[in-house]
Amino acid sequence: MKIETRAWPVIDVQGLSKRFTLHLQGGRRLDVLENVSLQVHAGECVALVGASGRGKSTLLKCLYGNYGCEDDGRAGARVAVRVDGNAPRYLDLARATPQEVLALRRSTVSYVSQFLRAVPRVPALDVVAERLLEGLVLGDAADVDDPRYDEHVENARARAAALLERLRVPRALWTLAPSTFSGGEQQRVNIARGFVKPTPVLLLDEPTASLDAANREVVVDLIRQARERGAAIVGIFHDEDVRDRVATRTLTL
Ligand SMILES: Nc1ncnc2c1ncn2[C@@H]1O[C@H](COP(=O)(O)OP(=O)(O)OP(=O)(O)O)[C@@H](O)[C@H]1O
């Protein structure tokens, strides 16, 4: 489904601040983000730039709901959870319940983190396919009885396989759990998981960091295609060549 470009932003951050309180260090306070504003429309890719430690990854984690945002009643971050129809419906991340954040991740926001959090014993193919299975749980006794189970799992695995193929993950690895994979192989499984579902929002934390030139090209293509289908993308790309080719603008933190 192509998302129409509209006047309103899919991601709308207004005056966001984020501080950490280090309880084990006498309650020291780290002010990481100060009054950050960012609007991202469908089809845009905003690259976060700035020196190490300026809070680029922290901003992505706020948008993914990993980190709470400060809520002083005026500032905040919101993500449009309904992007069709005439008016967007936003989820305010400062006030969202854990269930709302989980639903947002299922339907709206995909996140490629720097490192894959590999679940022991789950094969690479299913790490990717799971993202497409909505509420179904692979192998769960109750779900196996669901009449849609076989068809859903087959479709999800076929789409996961196509993406792993495109990302050149050797077929012999698909049935193995990624915990023993090389850094680049793990990152490609991570990328496949992040891209397999065409969500309206994509958050990318150095998606090409441990990739060789050929795989970097595949990821550049995936990002451009996501933009073309209307995804709103925020990413960190230390490789300037990649950044220049995928980003529509930059935000300096
Ligand atoms: N959970 C946390 N608890 C305490 N401090 C944190 C936490 N997460 C991040 N920080 C601090 O926030 C600051 C910003 O970190 P962040 O990872 O967002 O920076 P960055 O701009 O992405 O850096 P880099 O380019 O090096 O990856 C750092 O000083 C970091 O130590």
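Me: What is the accessible surface of the protein chain, and what share of that surface belongs to carbon and sulfur atoms?
Reply: The model is a predicted one. The protein chain has an accessible surface of about 12,800 Å². The part of this surface belonging to carbon and sulfur atoms is 47%.

Me: How many helices and strands does the protein chain have, and what percentage of its residues count as buried?
Reply: The protein chain contains 8 helices and 9 strands. It comprises 253 residues, and the share that counts as buried is 49%.

Me: Among contacts between residues at least 6 apart in sequence, what percentage join residues at least 24 apart?
Reply: The contacts considered here are those in the protein chain between residues at least 6 apart in sequence.

Me: How many residues surround the ligand, and which are the closest?
Reply: The ligand is surrounded by 14 residues. By class, this shell has 6 nonpolar, 6 polar and 2 charged residues. The closest residues are S52, G53, K56, S57 and T58.

Me: Which element supplies the largest share of the shell around the ligand?
Reply: At least two shell residues come from each of β1 (11–22), β2 (28–40) and α1 (56–64). The largest share is 3 residues, and the element that supplies it is α1.

Me: Which residue places a polar side-chain atom 2.6 Å from an oxygen atom of the ligand?
Reply: A backbone N or O atom of G53 lies 2.9 Å from a ligand oxygen atom, but that atom belongs to the backbone. The polar side-chain atom at 2.6 Å from an oxygen atom of the ligand belongs to T58.

Me: What distance separates a nitrogen atom of the ligand from an N or O atom in the side chain of Y67, and how much of the ligand does the protein bury?
Reply: The side chain of Y67 has an N or O atom 3.1 Å from a nitrogen atom of the ligand. Taken alone, the ligand exposes 640 Å², and the share of that area buried by the protein is 64%.

Me: Why is α1 described as largely enclosed by the rest of the structure, and which of its residues are buried?
Reply: Helix α1 is largely enclosed because 7 of its 9 residues are buried. Just after this helix, G65 takes a positive phi of about 80 degrees. The buried residues of α1 are K56, T58, L59, L60, C62, L63 and Y64.

Me: Where is G68 placed, and which residues does G68 touch beyond four places away in sequence?
Reply: G68 is in the loop between α1 and β4 (76–82). Its relative accessibility is 46%, and G68 therefore counts as partly exposed. The C-alpha atom of G68 is 39 Å from that of P147, a residue 79 places away along the chain. Not counting residues up to four places away in sequence, G68 touches K18 and C62.

Me: How many of the residues of α6 are buried, and what covers them?
Reply: Helix α6 (residues 183–195) reaches 18 Å from its first C-alpha to its last, close to the 18 Å expected at 1.5 Å a residue. Of its 13 residues, 11 are buried, so the helix is largely enclosed by the rest of the structure. The cover over these buried residues includes β6 (109–112), α3 (124–129), α5 (149–166), β7 (201–205) and α7 (213–228).

Me: Is Q187 buried or exposed, and which residues are in contact with Q187?
Reply: Q187 is in helix α6. Its relative accessible area is 2%, under the 20% cut-off, so Q187 is buried. Leaving aside neighbours within four places in sequence, the residues in contact with Q187 are V112, S113, Q114, E206, P207, S210 and L211.

Me: Where does E206 lie, and is this residue buried or exposed?
Reply: E206 has a positive phi of about 50 degrees although it is not a glycine. This residue lies in the loop between β7 and α7. At a relative accessibility of 14%, E206 counts as buried.

Me: Which loop holds R168, and what is the relative accessible area of R168?
Reply: R168, a residue other than glycine, has a positive phi near 60 degrees. The loop that holds R168 is the one between α5 and α6. R168 is partly exposed, and its relative accessible area is 48%.

Technical notes: Residues numbered from 1 in each chain as written. Predicted model: local features only at pLDDT ≥ 70, side-chain atom pairs only at ≥ 80, totals over all residues. Heavy atoms only, no water. Near = heavy atom within 4 Å. Polar contact = N/O pair within 3.5 Å; in protein donor to acceptor, adjacent residues only side chain to side chain. Areas by Shrake-Rupley, 256 points an atom, 1.4 Å probe, with all protein chains shown as cover. Nonpolar A, V, L, I, M, F, W, Y, C, P; charged D, E, K, R; others polar. Expected span 1.5 Å × (residues − 1). Buried < 20%, exposed > 50% of the residue type's maximum accessible area, 1.4 Å probe, protein only. Contact = heavy atoms within 4.5 Å.
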